[in-house]
Amino acid sequence: MTIIAAFHMSHQRDFKNFYLDMINRYHKSEFYTLLSHTRFLEVMLFVLDPLSSFFTHVKGEPTCIEFIDSISIKVCYNLGIPGHKVFKGTAARGKRTMDWFYSFKFYIITNHLGNIVAAKLITANTDDRKPVRELSKGLH
C-alpha cells in the first residue's frame, strides 16, 4: 500500500520506471522483501481491500465544510487493454471529455481540516453522480 500511495504522490506516469528506479534503487532497504516488478503487479489487485479498510480507519468527522474530488487511476494504455491480465474483470473502460481510459476512479471527501470523511474506489464505467450521492449521505 505504501508503494502504491508513493507512486501516486510522485507525479510519475510510468509505474515500472518508478518501481525499478526509485523503489529498487533508493528504498530497497526500507522493505523487508521486495518483489519483482512483474510479481508486484500480480499482487497489486489484493491491496484494494486493505487500502479501503485503511481509509475507513483514518476517517475524520464531518465539520459542515467538506470538499469532494475524484481522480482516475490508470491501469494501462488503450492499446494494452486486450492483453492486460492483472485487473482483468475488475477495471473497466471509462470516457473523459477527450478520450477513453481503462482504470478505476477514486473519490474522496475531506473536511476543511484535511481529514478524510469518505472515500470510494469504483470502476471507470460508473456514472459520476452515483458515488457522490452515496458518499455524501449524512453530510450537511
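**Figure 1. Gly 94 in strand E2 of the predicted model.** Gly 94 is a buried residue, with a relative accessibility of 2%. Its place is in strand E2, which spans residues 92–95. The structure shown is a predicted model, and strand E2 is where confidence in the chain is lowest, with a mean pLDDT of 70. Between Gly 94 and Ser 72 the C-alpha to C-alpha distance is 9.3 Å, although 22 residues of sequence separate the two.

**Figure 2. The chain as a whole.** Five helices and four strands make up the secondary structure of the chain. Read from the N terminus, the elements follow the order α-α-α-α-β-β-β-β-α. Of the 140 residues, 26% are buried. The accessible surface amounts to about 9,900 Å², and carbon and sulfur atoms account for 57% of that area. When contacts between residues at least 6 apart in sequence are considered, 51% of them join residues at least 24 apart. The average pLDDT is 80, and 89% of the residues score at least 70. Confidence is highest in helix H5 (residues 129–135), at a mean of 86.

**Figure 3. The buried side of helix H1.** Helix H1 comprises residues 2–10, and its buried residues are Ile 3, Ile 4 and Phe 7. These residues lie on the same side of H1, because they cover an arc of only 100° around the axis. The buried residues of H1 pack against helix H2 (15–26) and helix H3. On the face turned away from this buried side, H1 carries the exposed residues Thr 2 and Met 9. His 11 follows H1 and has a positive phi, near 65°.

**Figure 4. His 37 and its contacts.** His 37 is found in helix H3, which covers residues 37–43. With a relative accessible area of 15%, His 37 is buried, because the limit for a buried residue is under 20%. Apart from neighbours within four places in sequence, His 37 is in contact with Phe 15, Lys 16, Tyr 19 and Leu 20.

Figure 5. Three salt bridges are found in the whole structure. In one of them, the side chains of Asp 21 and Arg 25 meet at 3.8 Å, N to O. Both residues belong to helix H2 and are four residues apart, about one turn of the helix. Asp 21 is partly exposed, at 33% relative accessible area, whereas Arg 25 is exposed, at 56%. Another salt bridge joins Glu 42 to Arg 39, with the closest N and O atoms 3.0 Å apart. This pair lies in helix H3, three residues apart, again about one turn of the helix. Glu 42 is partly exposed, at 44%, and Arg 39 is partly exposed as well, at 41%.

**Figure 6. The salt bridge between Lys 120 and Glu 134.** The side chains of Lys 120 and Glu 134 form a salt bridge at 2.4 Å, N to O. The pair links distant parts of the chain, 14 residues apart: Lys 120 lies in strand E4 (residues 116–123) and Glu 134 in helix H5. Lys 120 is partly exposed, with a relative accessible area of 27%, and Glu 134 is likewise partly exposed, at 37%.

**Figure 7. A nonpolar surface patch.** Met 1, Phe 54 and Val 58 make a nonpolar surface patch of about 240 Å². Val 58 is situated in the loop between helix H4 (48–57) and strand E1 (66–76). Its relative accessible area is 34%, so Val 58 counts as partly exposed.

How values were computed: Residues numbered from 1 in each chain as written. Heavy atoms only, no water. Patch = residues over 30% accessible without salt bridge, like charges linked within 9 Å, V, L, I, M, F, W, Y side chains within 5 Å. Areas by Shrake-Rupley, 256 points an atom, 1.4 Å probe, with all protein chains shown as cover. Salt bridge = Lys/Arg side-chain N within 4 Å of Asp/Glu carboxyl O. Helix = DSSP H or I, 4+ residues; strand = E, 2+ residues; numbered from the N terminus. Buried < 20%, exposed > 50% of the residue type's maximum accessible area, 1.4 Å probe, protein only. Contact = heavy atoms within 4.5 Å. pLDDT = per-residue confidence, 0-100. Arc of directions from axis to C-beta.
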